[in-house]
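This briefing sets out selected features of one protein structure for computational work. The sequence and the coordinates are displayed first, and the notes follow by topic.

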Amino acid sequence: MKYFPTIGIECHVQLSTKTKLFSEVDNDARGKEPNSCVSPIDYALPGMLPRLNGEAIKFAVRAGKAMNCEINKSSRFDRKHYFYPDSPKGYQITQFYHPIIGAGFVELPSGEKVRIEHAHLEGDAGKLTHFGSYSLVDLNRVDTPLIEIVSMPDIHSAKAAHDYCKELWRLMRYAKVTHGDLYNGNMRFDVNVSLAPEDSDELGTRAEVKNLNSFRSVERAVEYEIKRQTKILEAGERVIQETRGWSDATGETTGQRSKEEAKDYRYMPEPDLPPVNLSAEFIDEQLADFPLMPADYREKFKGIIAEDTLEVLLDYPELMKKLGELPTDPTTIKLVSNLFASVLLAEEKSAEYLNDLPDKKQLSELAEMNEKKELSSTATKEVFLRLFDPQMKGKDTKAIAKELGVIQENDLGALEAIVDMVLAKPETKKAQDDFKNGEEKVIGFLVGQVMKESKGKANPSVAQQILREKLTK
Ligand code: MN
């Protein structure tokens, strides 16, 4: 019997707000001492009351829009109780009954749609580091604002799970709600996998793999779970509903604990925070200059930029914005997107080159020079790279190319004079005779001589054309 996998994904996104969700402490603890970014509000000392960070609400509205979701005008917070040293409150403040973000969908590069069930705001927990017989607690991350995005069970392969997580990462960065630094856990994925017989309408028992922090580990963990569960079912046994951990090193998931149910958390409305009521005007204001999303660019550049090139470029929101601002003629877009892709694929260069992009005037001029064959393809790339130099900011592209001495000689008169000069040289006599006797390939030697004489500025195809005309006369 064949089994059909169904995958649901919960994704936690750390919002890059200035302060924490309920206190005025710095939300960016990167490079800071453990427990140095903590307010008594974060660990709920008696008498401390949380106050909601308005910026987090604005971010949630933008995140929701990025996923084509409804924004709920009225939402509120709840307490989710659990006991663990990473949460001195004894509960997490989250949105269980009335989340701020309602139903929507995310479109994958393949065109498949994954529906979003809802997404809610909540505070993060602290971090435990384990050392043999003891553990250390760092509360810097407590109540960093998170959005937890809950998908519908619309994913049915490891590849689609990978693509969905990656697309979420892009969307959240396009919407500018997170740094999206996966290495530092800015986005974490919980993946639940179940298998059911292919002809069954019901979902099988699911196992959840928690805390994955790369697209690759999402893909590998799903692949592993599909294999593990298939084996269990084929042996006539039953999959246990449980939470499992993933190890990148072994490439395996291992059972951790049986899955809690909602009732175990004793959810109750948070008494210290009022409901969040948003007006239509407030929501519109947040979305006034909402940028284009990856799906918009796929539509816009369809048939102009090759699909795989575009997928590389889509990882860089600022770059896409720049491409989107260029004149829409396909020649410019095609050239500039290929140049960007070739720079980005030389990975060690990507970071430094992307901080400060050339302006659209420079890029259009570059495309124009290339189109007019004033620049060879090698020279075009050379000038392109030069445009990233801060000292070249705002400078005329033609002037830069001139300085580099790479403008091709297209002036027919000037080129003809050079060709005549080359043909007058005694050392080209033999090649000329050979060509006249039908030895086609010596034309390359003659073109080379013209290039040399012009110090590389001649357009080789035009030079060849002139040579042929003169030699066959
Ligand atoms: Mn959560």
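Pro 88 is located in the loop that runs between strand 3 (78-81) and strand 4 (91-94). The model is a predicted one.

- Apart from neighbours within four places in sequence, Pro 88 is in contact with Tyr 43 and Leu 139.
- Pro 88 and Leu 139 are 51 residues apart in sequence, while their C-alpha atoms are 8.9 Å apart in space.

**The manganese site**

- Three residues coordinate the manganese ion, namely His 12 through NE2, and Glu 122 and Glu 148 through OE, at 2.1 to 2.2 Å.
- The sequence spacing of these donor residues is H-x109-E-x25-E.
- His 12, in strand 1, and Glu 122, in strand 6 (residues 113-123), are 110 residues apart, and the pair thus links distant parts of the chain.
- His 12 is buried, with a relative accessible area of 13%.
- Glu 122 is likewise buried, with a relative accessible area of 3%.

**Ser 151**

- Ser 151 belongs to strand 9 (residues 145-151).
- Ser 151 counts as buried because its relative accessibility is 8%, and the class requires a value under 20%.
- Excluding residues up to four places away in sequence, Ser 151 touches Gly 8, Ile 9, Val 114, Arg 115, Ile 116, Glu 117 and Tyr 164.
- With Ile 9 there is also a polar approach: a polar atom of the Ser 151 side chain lies 3.0 Å from the backbone nitrogen of Ile 9.
- Between Ser 151 and Phe 105 the C-alpha to C-alpha distance is 8.5 Å, although the two are 46 residues apart in sequence.

**Glu 270**

- Glu 270 sits in the loop between strand 14 (268-269) and strand 15 (276-277).
- Beyond its neighbours within four places in sequence, Glu 270 is in contact with Arg 76, Phe 77, Asp 78, Arg 79, Tyr 91 and Ile 93.

- Ala 44 has a phi near 55°, which is positive although the residue is not glycine.
- The position of Ala 44 is in the loop between strand 1 (3-14) and helix 1 (54-66), and Ala 44 is partly exposed at a relative accessible area of 30%.
- Asn 211, also a residue other than glycine, has a positive phi near 65°.
- Asn 211 lies in strand 11 (residues 206-212), and is exposed, with a relative accessible area of 51%.

- The chain is divided into domain 1 (3-282), domain 2 (292-404) and domain 3 (412-471).
- The centres of domain 1 and domain 2, taken over C-alpha atoms, are separated by 36 Å.
- Domain 1 contributes 13 residues to the contact, and domain 2 contributes 12 residues.
- About 1000 Å² is buried between domain 1 and domain 2, and carbon and sulfur atoms give 54% of this area.
- Of the area that domain 1 buries against domain 2, 57% is supplied by Arg 170, Arg 173 and Tyr 174, more than by any other three residues.
- Five salt bridges are found across the interface of domain 1 and domain 2.
- Between domain 1 and domain 2 there are six residue pairs in polar contact, counting pairs with both residues at pLDDT 80 or more.
- Helix 2 (residues 158-174) provides seven residues, the largest share of the side of domain 1 that touches domain 2.
- A salt bridge joins Asp 315 and Lys 166, with the closest N and O atoms 3.4 Å apart.

Key. Residues are numbered from 1 along each chain as its sequence is written. This is a predicted model: local features need pLDDT of at least 70, side-chain atom pairs count only at pLDDT 80 or more; totals for chains, interfaces and linings use all residues. Side-chain values use heavy atoms; hydrogens and water are left out. Helices (H or I, at least four residues) and strands (E, at least two) are DSSP runs, numbered from the N terminus. Buried means under 20% relative accessible area, exposed over 50%, partly exposed in between (1.4 Å probe, protein chains only). Donors are N, O and S atoms within 2.8 Å of the metal (3.2 Å for Na, K and Ca); water is not among the atoms, so sites may look incomplete. Domain bounds come from an automatic or database domain assignment. Contact means heavy atoms within 4.5 Å. Buried area is the accessible area (1.4 Å probe) that two parts lose on being put together, summed over both. A salt bridge is a side-chain nitrogen of Lys or Arg within 4 Å of a carboxyl oxygen of Asp or Glu. A polar contact is a pair of N or O atoms within 3.5 Å; within protein, one must be able to donate a hydrogen and the other to accept it, and residues adjacent in sequence count only if both atoms are side-chain atoms.
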